[in-house]
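Hello,

I am handing over the structure below. My notes on what was found in it follow.

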Amino acid sequence: MSKYFFSFFLVLLINFQLSTQENEIDSILIKKIYGVRIGLDISKQIRMFTEDYKGLSIYSDLKLKEDIFIVFEIGNDNKTINNENISSKVNGSYYKFGLNYNFYKNLPGLNNEIYFGLRYGISSFASELLSFKVYDIDNNWNNESIVVNRKFNNLNAGWIELILGFNAEISKNIFMGISLRVNRIINQKTPANFTNFFIPGFNKVTENNNFGTGITYNLIYQIPILRR
């Protein structure tokens, strides 16, 4: 995943510099654009090639002021987990809402962003324990998988995210972005005699650790509504 991150960041940086150079010439003549932006997190599609995973995430924001955006995200994750002891599946949907603050000072006419963000995320999901192996030092169980196929429905979780992100306008009203996220679980409903290994929207969950991380790559289109 790291090679995708650095390649995407390099392309984004080049486009950021080009858009700055192109707009410096006529920036005085360009009015500021306010509108709704809608985008797709393409990191989900990248994960489909590298993991037993399917997912979709849609991003939307609205510029309230020059440096403040209200943000809403909605998505779905379907993840199969296989390790040496457990095989399970998780499927569910989530949404996140919050704010972005752009601390990058654009020249007139430019719409690039380097921002801090804050989100609150809520997820509803179901988990299925397919099989497991008994941890047995004496090997009395012959280390064979025990098939269960037990489902756990009506699970949920809530968390907060701190975000550092970067958006560059690569063409008129079209943006590419990347964000790094640190998450902390506030609450979660866990199955009886089981646990949550993965929470849709939050990603991997580890025992006795409420923190997680994530990376998003966004392709965003702005619907112009108001020019000032």
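The largest pocket has a volume of about 620 Å³. A pocket here is an open set of points on a 1 Å grid over the protein atoms alone, with protein on both sides within 12 Å along at least five of seven lines; a volume is the space filled by probe spheres set on the points, which are joined across faces, edges and corners. Of its 33 lining residues (an atom within 4 Å of a point), Arg 47, Phe 198, Asn 203, Lys 204 and Thr 213 are the closest to the centre. β10 (211–227) gives the largest share of this lining, eight residues. Strands are DSSP runs of E, at least two residues, numbered from the N terminus.

The model is predicted: local features need pLDDT of at least 70, side-chain atom pairs count only at pLDDT 80 or more, and totals for chains, interfaces and linings use all residues. Residues are numbered from 1 along each chain as its sequence is written, and side-chain values use heavy atoms, with hydrogens and water left out.

Two cavities of 30 Å³ or more were found, a cavity being a set of points where a 1.4 Å probe fits but cannot get out.

Regards

Notes:
Helices (H or I, at least four residues) and strands (E, at least two) are DSSP runs, numbered from the N terminus.
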